[in-house]
Amino acid sequence: MRTLAAVLVLCAGSALALPDPFDGKGAKTPPVVTVKAPASAISQADPRVWVELDAPGKAERQAAVDAGISIEEVKPGSAAGFATPKALERAKAAGLKVRTTVTLRQRFGALDFPEKDAIYHNYKELEAELRSLAARAPDLVSVFSIGKSTRGRDLWAVRLTKGATGTQRSKKPGIVFMGTHHAREHLSTEVPLLIAKNLVDNRADAEVARLLDTRDVYFIPMVNPDGVEYDIEGGKYHMHRKNMAQNADGSTGVDLNRNYAWGWGGGGASPNPDDDTYRGPSAFSEPESKAVRDFVSARPNLKVLLSYHTFSELILYPWGGSDEQIPDKKALAAFKNMAGEMAKMTGYTPEQSSDLYVATGDTCDWAWGEKGIFAFTFELTPKSMWDGGFYPGAGVVQRVFQANIRPALYLIDLSDDPYRAAKDAAGITAK
Ligand code: 0X9
Ligand code: ZN
């Protein structure tokens with residue numbers, strides 16, 4: 001973004017009196033140099049403007065740079081770039097003539113959620129929220145990256161616990177909440193983010209304090225940031241599900257919820273790269289699923305995992321890759337009782353994942369099958385495509401968070417020993 005400005009500054013500061021190739025006096029026609037802002041770079045609240053100035057020569061461009069404007073585009077007679085309100089005032093005070101100013105949205109299009117859904121968090125906004133949480137309660141909250149996405153974005157995790165930060169090991173029982181394996185399921189980022197915020201806001205509450213003293217609680221609200229950013233590119237939705245891997249056949253994306261190793265390559269997961277449920281070239285071929293695998297593998301204290309998806313209002317437990325029930329009867333009773341309890345809290349329907357459809361390679365089958373972690377998929381609101389499908393709007397966010405805070409607290413509490421849930425209402429433990 002600042003490359004051209006940096007070059008101009010360098011030229012200006014150079015001891016050599018180089019001819020200005022753009023001064024209009026030479027034979028050269030100045031080239032039009034354009035810098036495209038990356039989609040993730042512009043947030044709704046960005047106060048900067050895109051300004052075009054009269055700039056017949058280098059002196060004017062230099063004055064603009066000195067005023068703090070980042071010049072990105074040079075045309076015959078003019079220069080344009082990003083300016084904060086203060087930089088714009090300085091440029092005017094320096095005698096520069098402003099031709100036009102427009103907002104970044106007007107200049108670049110809406111590189112974000114559509115205005116009506118601005119409450120949802122894009123990648124940069126999510127990172128800012130997580131960092132502000134950590135700044136508010138540094139004794140309790142830490143932010144770290146679990147790896148990089150296909151396109152090099154950090155995969156952010158936020159950890160809430162007393163007495164350990166970042167990647168420090170802990171012996172406390174742990175739980176992880178994850179969102180947006182599937183790009184278009186934006187509500188599945190908002191819910192874990194709001195739960196994390198709620199816990200921080202209520203850290204003085206006796207029950208929350210007890211949980212954060214005795215449990216190790218992680219959130220990875222955006223497992224697939226590349227897909228998310230693509231899904232909102234241009235200020236409109238693209239119905240994108242997969243990550244942004246470049247497939248051998250030229251198509252884009254692997255379904256991250258078909259890329260985990262448990263049962264990988266079996267039913268309900270496509271071998272065709274251009275399908276929405278493409279399983280990838282091999283299990284854990286994708287940096288995002290690999291990062292989750294490594295994150296989980298490095299933390300044997302994790303006992304519970306919740307992967308938020310949308311939509312249908314379901315609470316799903318393994319197996320998803322097969323119609324068989326998990327063989328451990330006590331674990332099955334715990335899964336069923338937990339799902340049943342959380343169904344009462346949410347109004348969602350509890351069922352085995354494969355009752356929805358058999359699909360191999362999902363997160364929860366791997367977490368349970370490989371690691372013995374009590375793993376649930378929540379399909380959040382709405383119930384159907386007719387109620388908004390993947391894009392139910394800003395109006396549902398608070399309500400869906402409210403419905404999901406109790407199940408989250410319930411799971412955090414149970415994470416010391418999820419088998420506790422195997423006891424039925426009469427207190428009899430299933431065998
Ligand atoms: O298909 C999925 O990955 C999940 N549904 S979604 O609409 N969010 O894509 C459901 C996963 C449940 N797991 C299995 N059935 N294996
Ligand atoms: Zn999904």
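Reader: By class, how many nonpolar, polar and charged residues does the lining of the largest pocket have?

Author: This is a predicted model, in which local features need pLDDT of at least 70 and side-chain atom pairs count only at pLDDT 80 or more, while totals for chains, interfaces and linings use all residues. Residues are numbered from 1 along each chain as its sequence is written, chains are lettered from A and ligands numbered from 1 in the order in which they are written, and side-chain values use heavy atoms, with hydrogens and water left out.

The lining of the largest pocket has six nonpolar, eight polar and six charged residues (Ala, Val, Leu, Ile, Met, Phe, Trp, Tyr, Cys and Pro count as nonpolar, Asp, Glu, Lys and Arg as charged, and the others, Gly among them, as polar). On a 1 Å grid over the protein atoms alone, a pocket is an open set of points with protein on both sides within 12 Å along at least five of seven lines, a cavity is a set where a 1.4 Å probe fits but cannot get out, and lining residues have an atom within 4 Å of a point.

The volume of this pocket is about 300 Å³, a volume being the space filled by probe spheres set on grid points that are joined across faces, edges and corners. Of the 20 residues that line the pocket, R241, R258, L356, Y357 and E379 lie nearest its centre. Two or more lining residues come from each of β9 (302-310), α11 (353-356) and β12 (374-380), where helices (H or I, at least four residues) and strands (E, at least two) are DSSP runs numbered from the N terminus.

A search of the whole structure finds one cavity of 30 Å³ or more, and the largest cavity has a volume of about 30 Å³. Around that cavity stand F113, D117, Y120, H186, Y237, F390, Y391, P392 and G393, a lining that by class has six nonpolar, two polar and one charged residues.

In another, residues of α10 including N337, M338 and E341 meet residues of α13 including A403, R406 and Y410, with eight nonpolar, three polar and two charged residues in the contact.

Notes: Contact = heavy atoms within 4.5 Å.
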